[in-house]
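Have a look first, then read on.

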2 protein chains.
Amino acid sequence: VQVRVTEEELLAAIRKVAGADAPRVLVGIGDDAAVLEAGAGQLVLTSDMLVEGVHFERAWMSARDVGFKAASVNLSDLAAMAASPRHCLVSLGLPTPVDPAWVMEFFAGLQEACEEHGVSVVGGDLDRASAVVVSVTMTGEVSPGKAVLRSGALGGDAIAVTGFLGAAAGGLAVARASKRGVAGAPWARAVARAFARPTARVAEAQVLASAGAHAMMDISDGLASDLPRMCEASGVGAQLHTDELPVSEELRRGADTLGLDPIAVALSGGEDYELLVAIPSEALVAAAAELRERFGLPLTSVGRFTRARSVTVLGADDAERPLEPRGWDHFA
Amino acid sequence: VQVRVTEEELLAAIRKVAGADAPRVLVGIGDDAAVLEAGAGQLVLTSDMLVEGVHFERAWMSARDVGFKAASVNLSDLAAMAASPRHCLVSLGLPTPVDPAWVMEFFAGLQEACEEHGVSVVGGDLDRASAVVVSVTMTGEVSPGKAVLRSGALGGDAIAVTGFLGAAAGGLAVARASKRGVAGAPWARAVARAFARPTARVAEAQVLASAGAHAMMDISDGLASDLPRMCEASGVGAQLHTDELPVSEELRRGADTLGLDPIAVALSGGEDYELLVAIPSEALVAAAAELRERFGLPLTSVGRFTRARSVTVLGADDAERPLEPRGWDHFA
């Protein structure tokens with residue numbers, strides 16, 4: 001049921017969810033701004049926006065999942081710096097009449113992702129908008145000098161990725177094709193979850209940083225877009241081996257039904273929020289063992305950074321081709 | 001001319017404007033997140049969203065003004081805490097095809113407001129959206145324990161406001177009625193500017209904090225909405241004297257043309273971003289003198305906070321009525 005709700009009533013409800021008594025929060029939601037005890041480390045800041053009609057439709061993504069994902073994509077950015085997440089601000093644009101149940105479910109999902117990483121929601125803004133717009137800002141902390149940038153990759157480093165690729169793009173295809181009745185299959189449920197509830201690799205990133213990763217970034221727009229960005233920032237090239245890509249097994253299972261090429265999707269699909277890592281070969285095996293043991297998460301070597309600045313793909317046929325960035329351009 | 005532009009090209013252009021070599025910025029735009037040297041004080045955080053079709057129309061507000069205002073409203077929130085602004089993140093949702101000139105003008109306006117207060121743009125996000133959506137997050141810093149909250153007003157404190165009220169709402173009316181040909185009059189230009197380019201009272205707020213202000217907030221939704229909020233947060237009431245309101249002279253001049261009641265607009269118009277201050281009577285005169293001398297800005301006493309928790313208005317007829325909050329409810 002949609003009812004008219006005032007901003008004041010909504011803010012009061014959100015304040016109850018948010019909890020101002022979190023660690024280091026001196027002033028939380030309800031004043032002009034939040035006031036927080038500064039940490040001992042350096043401050044890490046990131047912002048990400050989710051827009052209805054672009055990143056999701058309310059018809060096929062629950063409010064809880066939108067909230068969870070809005071937090072997750074920011075947690076993932078902090079993870080990629082090897083930072084520890086701390087606080088969160090959320091600005092929410094809502095079409096009228098506002099559905100209070102949708103808003104409360106959204107905040108429940110946001111909280112769920114935040115709580116998992118000890119993040120407190122300390123502020124934000126509610127506004128009218130023609131479509132739902134979610135803008136989340138998250139703060140994190142890192143010991144001085146310990147942030148892992150995307151600019152540190154060296155020629156000779158292994159190109160490693162955590163987890164599996166392509167599932168999220170499969171999930172988006174499932175969501176869009178939900179009328180076709182594939183949504184009930186186990187593979188379909190798995191890829192839908194990968195899209196709606198990506199896991200930010202926060203603790204995993206800290207293991208990788210300690211293991212000696214030279215550079216990290218999260219794979220948000222697809223490896224085919226994000227690997228060239230890391231190369232550009234680091235002033236190196238790369239040779240990617242497509243037959244070594246850790247393609248999601250569930251995506252493989254559903255590829256025919258969805259009419260997708262699993263390798264192409266793993267390369268260009270985006271939204272998996274796994275980590276792309278430049279790591280010296282001698283550190284790779286130990287890092288992979290620790291990730292598998294502590295988190296059950298694979299770390300797969302998919303090629304090598306090179307001093308030569310070209311970015312190429314080596315296919316199963318051993319032919320080397322330039323990598324075509326075909327990932328997510330937000331304006332394409 | 002609208003041309004197709006890739007996100008990569010736009011980001012490169014923005015990076016040039018933003019300047020990563022700002023004080024305390026270790027990593028600026030271009031990585032997964034920004035990394036900043038932590039300050040010595042407490043961290044202050046605020047977020048505000050501007051939505052096309054709700055807060056502005058591109059038909060009557062320039063890109064430069066949208067950028068300036070998006071920064072100003074956040075600067076104003078920091079001012080209201082008596083904080084010193086530091087860093088800024090901006091997420092921008094844009095309809096396609098993207099007009100690169102609009103985006104660059106937007107960032108120029110944002111920069112203009114930021115530079116005035118020594119704020120560096122350190123990150124953000126570009127996304128597709130059906131209407132322009134701007135979400136700005138700003139960080140500030142305050143000496144431990146020195147933030148001025150909205151919850152500190154005491155019965156007996158003077159209710160003081162900086163500057164003049166009602167001009168911004170007059171400016172919005174002028175913008176919406178621009179076809180009626182009033183835009184050229186000097187009063188119309190003045191109120192239009194008040195709406196499009198509000199001045200954040202950053203240094204002024206620090207004077208007020210030093211002078212002994214008990215509570216501050218910025219008047220974003222109109223005094224009739226914001227005064228009851230301060231009363232509620234402080235557990236006090238208030239008696240407001242409408243004939244003491246510092247009504248904008250330009251608004252008075254245009255009121256007939258616009259069909260507006262100046263007193264009602266000064267009370268309920270919103271968007272003036274002046275400061276509402278609870279200050280002991282004995283500190284008021286000195287604070288007002290210092291604001292006038294240093295910034296040419298009036299500080300006007302418009303009534304008194306009371307121990308009794310009712311919020312009332314005393315009109316020119318000496319009749320006392322309950323204050324009806326008629327300010328900006330974002331969902332009304």
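## A covered strand and its partner

In chain B, strand β5 (residues 120-128) is mostly covered, with 7 of its 9 residues buried. Buried here means under 20% relative accessible area, exposed means over 50%, and partly exposed is in between (1.4 Å probe, protein chains only). Strands are DSSP runs of E with at least two residues, helices are runs of H or I with at least four, and both are numbered from the N terminus.

β5(B) runs parallel to strand β4 (residues 84-94) of chain B, and 8 bridges join them; strands count as paired if DSSP finds at least two bridges between them.

## What the model is

This is a predicted model: local features need pLDDT of at least 70, side-chain atom pairs count only at pLDDT 80 or more, and totals for chains, interfaces and linings use all residues. Residues are numbered from 1 along each chain as its sequence is written, chains are lettered from A and ligands numbered from 1 in the order in which they are written, and side-chain values use heavy atoms, leaving out hydrogens and water.

## Where A meets B

Chain A puts 65 residues in contact with 65 residues of chain B, contact being heavy atoms within 4.5 Å. The two chains bury about 5400 Å² between them, 56% of it on carbon and sulfur atoms; that is accessible area (1.4 Å probe) lost on being put together, summed over both.

There are 4 salt bridges between chain A and chain B, each needing a side-chain nitrogen of Lys or Arg within 4 Å of a carboxyl oxygen of Asp or Glu. The side chains of D32(A) and R150(B) form a salt bridge at 3.5 Å, N to O. On the chain A side touching chain B, strand β3 (residues 42-51) of chain A gives the most, with 9 residues.

Most residues other than glycine have a negative phi, and most peptide bonds are trans. The T96(A) to P97(A) bond is cis, with omega near -5 degrees, and P97(A) lies in the loop between β4 (84-94) and α3 (100-116) of chain A. In chain B, a cis peptide bond joins T96(B) and P97(B), with omega about -5 degrees.

A82(A) has a positive phi, near 65 degrees, and counts as buried because its relative accessibility is 10%.
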